[in-house]
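Subject: Structure handover

Hello,

Here is the structure I said I would pass on. Please look it over before you read my notes below.

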Amino acid sequence: MRTFNQLVAMACLACIGLSGCTQKSEEYYVKHVEFPEGTTLEQKVDMAARLVPTPQQLEWQKLELTAFLHFGVNTFTGREWGDGKEDPALFNPTELDAEQWVKNLKEAGFKMVILTAKHHDGFCLWPTKTTKHSVASSPWKDGKGDVVKELRDACTKYDMKFGVYLSPWDRNAECYGDSPRYNQYFIDQLTELLSNYGEVHEVWFDGANGEGPNGKKQVYDWDAFYKTIQKLQPKATMAIMGDDVRWVGNERGLGRETEWSATVLTPGIYARSEANNNALEISSTSQDLGGREILAKANELFWYPSEVDVSIRPGWFYHAEEDGKVKSLKHLTDIYFQSVGYNSVLLLNIPPDRRGLIHENDIARLKEFAAYRQKMLATDYVEEGDELWNAGSGEDREYTLATDAKFNVVMLQEDISKGQRVESFKVEALKDGQWTLLGEGTTVGYKRMLRFPEVNAEKLKVTILSSRRNANICKVAAYYAEPVKEVADRSEWNDISRSDWKVVSSQPLAIDLGQSVTLAAFTYAPLNETAKPTMAFRYKFFVSENGKQWKEVPTNGEFSNIMHNPLPQTVAFKTPVKARYIKLDATTPSSEKAVVEMNEIGVSLVKK
Ligand code: FUL
């Protein structure tokens, strides 16, 4: 593992006076700082205020909107996680056009695209020398195609940043689990991707591994992966199982209101990460990753900003049956305010379809989303909101608003190249000689947007209630965001009323549907769309006409990725089955007996 002394040594920079700044010089720590023994909380807070991003982390943060492209064999099998046994012949997009992807994403305001060059199924979208399990063995372009190259060329043409997702978990590689061999295999794949496609701006390593306790155990050599990136693409950011960009902790597009980029969470690729994070009793899903309470217990701090990854559809891969389930404009704008507006970068997934094109429904929604943001950002009612404000705790500043200002969003930004400092703030508006509170918030960081009911006002007052050293507020803006009505949710996944159902056994769950029907599919929908340790992951599904003789229905037996994305998963049967009774025999992600309730199950009847 790379030594931290190296980092700290290069990290201590002297700041030579800032214009408009009352503090003459400040010493900064780049990306990481260790607290020597005996450091008091006040000293830690002061050091935390001087932790700053690397130049590439800063550039990354400014992108705000980035796009994910989940594409691969799953696109053709309908699965979310392939098992690696798929025939490469399945991969055959009929009209693949990477320019269509990039052009549309560019027009919608996205600044980078990240492609699943290899997902968990191990199928490579470029003609790799490491395995036959790639596009080279597919009928697409007679095995002469290269999706990574097509995307790279399109990114060059449209001046779009380019990133690769390479799944460490590989269900196809025969050497997976034979740790040294697979690590070399992975490094060879990484080397190809980082050597043959020009500049790569981000490398995204997924942390998912669904093998379970009895699966193959692969010990990853993160240090060697890290060094490969450092050598071949030193300017790239390394995300998730990386130390530049942190997973926000859910796949729903929900950032934290209090979001510290200067965080106590030790990145998962460091050997000491488990020990450190266990000692603090934290993980990437914890609420407080940088407040004073947790800082008091920590020995080191990282500049490790949050990225909100979420799909525009329920699944990460394209499934035709989700064409009507593209997230609504209301949902997307909420995601925007809760990611970009909560000091995070949004990584929105838009999965190309079986043609190899972004589907018309997704494009239409992207256009609406872009138009919405453009309209909102076109008019900033704050005058002189760009003037740098070096604000101490308790200080306030008044801003004149344009005449007839009508707004419902206030945006604040800190100059994070000098650290993240604001701990709490409030915003008030002056109307007819009266100050009214519009809202309060905690962290600001790179960007914080506060929403409230629409107001007309003459002045705006921002108060920094608490800050770690003086905050460097570099932007205050006020916008009007058109209220958006929610379109009714059309996710129906149960065709027969449950009032006639009876649970005939709870372990495994067996249900009498009260009538004999012909089923086309069943759905498992974790209660409140929330993951719990007792939830189902692997399963067998049985049907019966009399509740005594059961017949197993062939399925792929896995609710892929349900732990991270606990949305309803519908399993369509190859051929319809007759049933009065159904049974789900399932185990949890840690291979215990799962607990499933009747109202978490739905059935779909064959449509006449
Ligand atoms: C998860 C994966 O398991 C999903 O399939 C998807 O790629 C998502 C972005 O990350 O961990």
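Predicted model: local features only at pLDDT ≥ 70, side-chain atom pairs only at ≥ 80, totals over all residues.

Residues are numbered from 1 along each chain as its sequence is written, and side-chain values use heavy atoms, leaving out hydrogens and water.

Ligand site

Around the ligand are Phe-68, His-70, Trp-81, His-119, His-120, Tyr-165, Asp-206, Ala-208, Glu-251, Asp-309, Trp-316 and Asn-561 (each has a heavy atom within 4 Å of it). This shell divides into five nonpolar, four polar and three charged residues (nonpolar: Ala, Val, Leu, Ile, Met, Phe, Trp, Tyr, Cys and Pro; charged: Asp, Glu, Lys and Arg; polar: the others, Gly among them).

Polar contacts here are pairs of N or O atoms within 3.5 Å. His-119 has a side-chain N or O atom 2.9 Å from an oxygen atom of the ligand. For Tyr-165, the distance from a polar side-chain atom to a ligand oxygen is 3.1 Å, and for Asn-561 it is 3.2 Å. On its own the ligand has 290 Å² of accessible area, and the protein covers 98% of that (Shrake-Rupley method, 1.4 Å probe).

Helix pairs

Helices are DSSP runs of H or I with at least four residues, strands are runs of E with at least two, and both are numbered from the N terminus. Axes are lines fitted to C-alpha atoms over the stretch in contact, with angles from 0 to 180 degrees between N-to-C directions.

The axes of α7 (residues 179–195) and α8 (residues 222–232) come within 10 Å and cross at roughly 20 degrees. The two are therefore roughly parallel (under 35 degrees).

The axes of α11 (residues 329–337) and α12 (residues 360–378) also come within 10 Å, crossing at roughly 55 degrees. That makes α11 oblique to α12.

Backbone details

Gln-507 and Pro-508 are joined by a cis peptide bond, with omega about -5 degrees. Pro-508 sits in the loop between β23 (502–506) and β24 (509–524). Glu-281, in the loop between α9 (273–280) and α10 (292–297), has a positive phi near 55 degrees.

Regards

Conventions
Polar contact = N/O pair within 3.5 Å; in protein donor to acceptor, adjacent residues only side chain to side chain. Parallel < 35°, antiparallel > 145°, perpendicular 65-115°, else oblique.
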